[in-house]
Amino acid sequence: MTLTWPIIIAVAAVLLAPLVGGLLRGLDRKLTARMQGRLGPPLTQPFYDFGKLVGKSRSVSSRASIAWVWSYFLLTLTAFALFFLGQDLLVVFFILAFAGGALAFGALSARSPYARFGANRELLQMLSYEPILLLAAVAIYFQTGGFTVYSVFEANQPLLPFLPLVFVAVLVALGIKMRKSPFDIAASEHAHQELVRGVYTEYSGPHLALIELTHWYELVLLMAFLALFWVQPLWVGVLIAFAAYFLELWIDNIAARLRWSWMLGASWGVGIGFIVANLVLLSVLL
Amino acid sequence: MSGELLVSLLVLLPVAVAVCCLALRNAAAQKVLLLPAMVLLMVAAAALALRVLPEGPFALTPAAVWDNIVAVLDYVILAYFLYIGVTSRNGLVLGLAVVLAVLLPVVQFGVLGGHVAVSPVFHIDALAIVMCLVISVVGSLIVLYATDYMPAHEAHLKLERTRQPQFFFWFVLFLGVMNGLVFANSLLWLFFFWEVTTLCCYHLIRHNLTDEARENALRALWMNLVGSVAMVAGIGLAYNNAGTISIQELVTGGSALVLLPLALFCLTGFTKAAQAPFQSWLLGAMVAPTPVSALLHSSTMVKAGVYLVLRLAPGYADTSLSLLVAIFGAFVFMVTSLLAIGQNISKRVLAYSTIANLGLIVCCAGINTDLAIAAGIALIIFHAVSKGMLFMAVGVAEQQIGSRDIEDLDGLAARRPVLTIAAVIGMLSMLFLPFGVAFAKWAAIEAAGAQAGWFIAVVTFLAVGSAATLVFWSKWLGRMLSGPVVETKEPKPFLAYGTILLLVSGAVGLSIFVTPLITVLIQPALSGMGYDQAFDVAGWHLRTTFGFFPPWALFLAVAAAVLLPALAARGYRKELDPVYLCGVNVDGPELWFTGIAGEPVQATTGGAYWTQLFGEARLTPLSNWSALVLLVALLAGVILR
């Protein structure tokens with residue numbers, strides 16, 4: 001394959017992702033408010049919040065923390081670009097794990113009880129979803145004969161009809177990665193709980209804005225991964241990804257934060273169990 | 001220089017130097033002897049590589065009298081093991097030594113009929129060269145490190161009479177024996193070298209002569225003797241079933257009759273590589289001075305175990321034995337990675353990580369495709385460099401800080417910046433792409449995924465284990481990086497710090513240049529074993545038929561993502577703010593806040609180990625029994641087929 005088109009697509013994706021990610025977060029807040037019987041902020045509120053955070057003065061409790069938060073952003077951006085360049089999915093997920101590690105390192109560097117508490121839980125979250133993502137890539141190989149994003153587009157059939165249980169497992173991983181209830185255990189969504197803001201406690205102002213921006217990239221990356229399950233044609237996959245997003249929001253609103261041991265059990269039991277079941281069925285039936 | 005001379009030098013130079021060490025009592029004299037000797041050893045290894053890599057395997061058969069010398073030495077060592085068993089009143093050592101004392105003559109004189117000429121006795125191919133380079137380069141650097149470490153170690157123990165001569169004797173001898181082990185093609189010679197590594201290991205673990213050291217040394221001894229018994233039985237069966245005790249002939253013979261001996265040899269490899277349920281000997285080995293751990297974990301001992309499993313892989317390709325080896329290795333990788341999460345002793349975390357990585361290498365041998373074997377060989381190299389260095393760093397930290405507890409390494413960066421940076425890079429190199437160890441993990445998962453059927457179990461274990469490694473490294477790594485500012489001077493002993501920094505640059509450099517490493521070393525090793533090329537290396541990328549890994553491009557991106565922020569943060573000169581403590585901070589001391597009654601309260605933080613889930617009390621019995629069941633299945637599967 002020539003690299004011209006992938007590079008154009010990747011550059012466009014990197015430029016557009018903050019817009020899409022921010023709007024998705026706005027939609028989240030609007031819909032969540034409606035589900036709770038509130039009016040909710042305008043759709044563009046995340047951008048105002050972002051601008052306000054950027055303009056605040058910096059407060060830093062550890063130099064290593066600010067270094068790692070930038071690494072978190074840049075590594076996520078790397079994984080994001082690799083995905084849209086059509087690269088190897090396992091490489092994308094490994095780099096994404098490095099990014100997640102950087103977020104935890106930043107919080108661990110701060111010597112604050114709340115940040116460290118959150119960081120350890122962030123690592124438990126990674127322990128929960130990382131096997132699902134890696135196995136999902138293997139499942140995609142089973143169906144397409146390749147580990148690359150590109151090979152999914154080369155395949156002549158959509159993945160979802162063959163990998164339905166894998167898709168469900170990825171939804172579990174998505175819930176954890178989006179830090180939504182019942183999986184918001186590393187940083188509670190509302191700062192007035194016992195965790196304070198967990199892994200984000202020691203970040204404020206521009207650094208918090210950077211984290212928010214990184215979350216937007218992460219969100220778009222995960223949505224794009226969901227869309228991979230139906231790329232013939234692509235718009236079906238995009239619709240599926242949106243549907244999954246709404247499902248996560250709905251679950252977020254009806255579920256409470258649960259214990260990490262429950263999360264580990266659920267994600268390994270349901271997530272890994274479903275993927276293995278799906279692969280075994282595929283091997284037996286086809 | 002002729003090939004014969006180089007081979008003799010690589011095996012006999014360490015032996016001669018080891019004997020000289022017995023006479024040296026002071027540190028300066030040791031350095032004067034060891035520095036040139038170790039440099040010479042590295043040069044010899046490089047020279048042999050430069051000869052074998054372009055010209056193909058090098059065969060060597062010493063005069064027949066050497067066969068007899070080796071046979072006699074076998075019995076001398078065995079008699080010594082019996083002596084240890086009797087004097088220490090250790091039933092297991094004694095029992096196994098007795099079994100060996102019966103089995104060895106039965107095999108040697110009954111089955112083999114006295115004398116079997118194997119041609120060649122030494123077969124030095126590219127795989128042997130990879131091992132030889134790892135042993136001679138990483139091993140030598142650890143020896144040099146030890147010349148700085150041991151005087152400080154003894155000063156701390158306040159010994160009346162130095163025990164360094166004995167220490168360096170066994171330590172340096174180990175390198176020569178390991179070289180012999182990887183060169184050997186005759187199973188009898190392999191067995192001889194195998195026994196000497198067990199002997200060296202026993203004495204090194206025992207070195208401090210405390211009760212714990214003696215006990216752990218005996219445990220290492222009996223567990224390794226289990227492997228020796230399996231090996232002797234395997235030699236007898238191999239000759240009985242296939243009529244040969246040449247490794248090359250066994251592996252390329254393609255006879256199903258050799259599967260049982262191969263399975264027994266794999267079992268032998270598992271004991272030496274401390275795979276579950278034999279992991280406790282390696283965990284116990286940390287009572288020894290740290291250079292011993294660095295040596296055992298990186299370039300010698302355990303690597304002999306995985307080398308044997310990998311060396312024999314072509315012999316059991318496409319069999320159920322191969323599948324079971326893969327499942328076993330992947331299982332060990334998973335459980336030991338999970339066990340590492342629950343540990344707060346730094347050396348114990350490193351030990352579990354070693355066992356996990358060895359499990360991954362075993363798993364690669366079992367997956368047994370071009371890509372998997374390439375991943376296994378790459379992992380031997382990268383793991384040796386990174387893990388040797390990490391043990392050395394932890395050893396220095398222990399000497400300077402007086403603790404091996406991860407809780408005490410919190411905020412090490414403020415006290416020992418150079419050491420911390422080195423350790424952090426070492427840990428990153430064990431953990432994340434684009435570094436070599438993670439690259440090998442990537443290749444292993446893709447290779448396992450590309451196999452159908454039961455390999456789903458393998459890939460599942462690998463995925464869970466991979467996530468677990470992320471947790472135990474990260475929660476340790478993250479806490480070292482910032483601490484309260486302390487005005488201290490970091491003592492930097494030249495050879496200790498020099499070797500650590502050399503290995504750190506090795507870990508990074510080899511990872512960046514993984515493509516040439518693969519072309520120059522790993523692909524010849526693959527061809528030598530009868531495998532095809534695993535990668536298309538056009539553009540210095542690594543492309544397989546189903547995956548793609550661009551090392552240098554990733555390094556550019558990751559270096560920018562990690563180094564630029566680190567440099568920028570160093571330049572941040574404004575006063576740091578106190579952390580949020582859910583109360584008004586008290587001015588001055590770190591982590592104090594004003595409590596409800598207006599009194600100052602100190603906040604404390606500590607590590608998370610979640611021992612209720614990942615503790616040894618919970619996981620070890622489970623993993624040992626499961627591993628045992630897998631081993632029984634492995635042997636039964638071969639016997640019953």
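Which residues of α1(B) are buried? The legends below take up this question and some others, using a predicted model.

**Figure 1. Helix α1 of chain B and its buried residues.** Helix α1 of chain B covers residues 3–21, 19 residues in total. From its first C-alpha to its last, α1(B) reaches 27 Å, close to the 27 Å expected at 1.5 Å a residue. The buried residues of α1(B) are B:Leu6, B:Val7, B:Leu9, B:Leu10, B:Val11, B:Leu13, B:Pro14, B:Val17, B:Ala18 and B:Cys21. These buried residues pack against five elements of chain B: the helices α2 (27–55), α5 (126–157) and α6 (164–183), and the strands β1 (58–60) and β2 (122–124). The helix has a kink of about 35° at B:Leu12, shortly before the proline B:Pro14.

**Figure 2. The contact between chain A and chain B.** Here 56 residues of chain A are in contact with 53 residues of chain B. Four helices of chain A, namely α3 (63–84), α4 (89–108), α5 (113–144) and α10 (260–285), each supply at least two residues of the side that touches chain B. Among the elements of chain A, α5(A) gives the most to this side, with 14 residues. Sorted by class, the side of chain A that touches chain B has 34 nonpolar, 16 polar and six charged residues.

**Figure 3. Helix α5 of chain A.** This helix has 32 residues and reaches 46 Å from its first C-alpha to its last, close to the 46 Å expected at 1.5 Å a residue. Where does α5(A) bend? The bend, of about 30°, is at A:Tyr129, and the proline A:Pro131 follows within four residues. Of the 32 residues of α5(A), 31 are buried, so the helix is largely enclosed by the rest of the structure. After α5(A) comes A:Gly145, whose phi is positive, near 80°.

**Figure 4. B:Thr460 and its contacts in chain A.** B:Thr460 is found in helix α20 of chain B, which covers residues 455–477. Why is B:Thr460 classed as buried? B:Thr460 counts as buried because 23 other C-beta atoms lie within 10 Å, and the cut-off for a buried residue is 20 or more. Leaving aside neighbours within four places in sequence, B:Thr460 is in contact with A:Leu135, A:Ile272 and A:Val276. B:Ala378 is 82 residues from B:Thr460 in sequence, and the two are 22 Å apart in space, C-alpha to C-alpha.

**Figure 5. The largest nonpolar core and B:Ala444.** This core has 370 residues, and those with the most contacts inside it are B:Val130 and B:Ala444. Helix α16 of chain B (residues 370–401) gives the most to the core, with 21 residues. Neighbours within four places in sequence aside, B:Ala444 is in contact with B:Leu360, B:Cys363, B:Cys364, B:Ala372, B:Ala375 and B:Leu462. In soluble globular proteins, nonpolar side chains tend to be buried together.

Figure 6. Buried residues make up 59% of the 641 residues in the chain. Among contacts in chain B between residues at least 6 apart in sequence, 80% join residues at least 24 apart.

Note on methods: Residues numbered from 1 in each chain as written. Chains lettered and ligands numbered in written order. Predicted model: local features only at pLDDT ≥ 70, side-chain atom pairs only at ≥ 80, totals over all residues. Contact = placed C-beta atoms within 7 Å. Nonpolar A, V, L, I, M, F, W, Y, C, P; charged D, E, K, R; others polar. Expected span 1.5 Å × (residues − 1). Bend = angle between axes of the 7 residues up to and from the residue. Buried ≥ 20, exposed ≤ 12 C-beta atoms within 10 Å, placed from the backbone. Core = buried A, V, L, I, M, F, W, Y, C linked by C-beta atoms within 7 Å.
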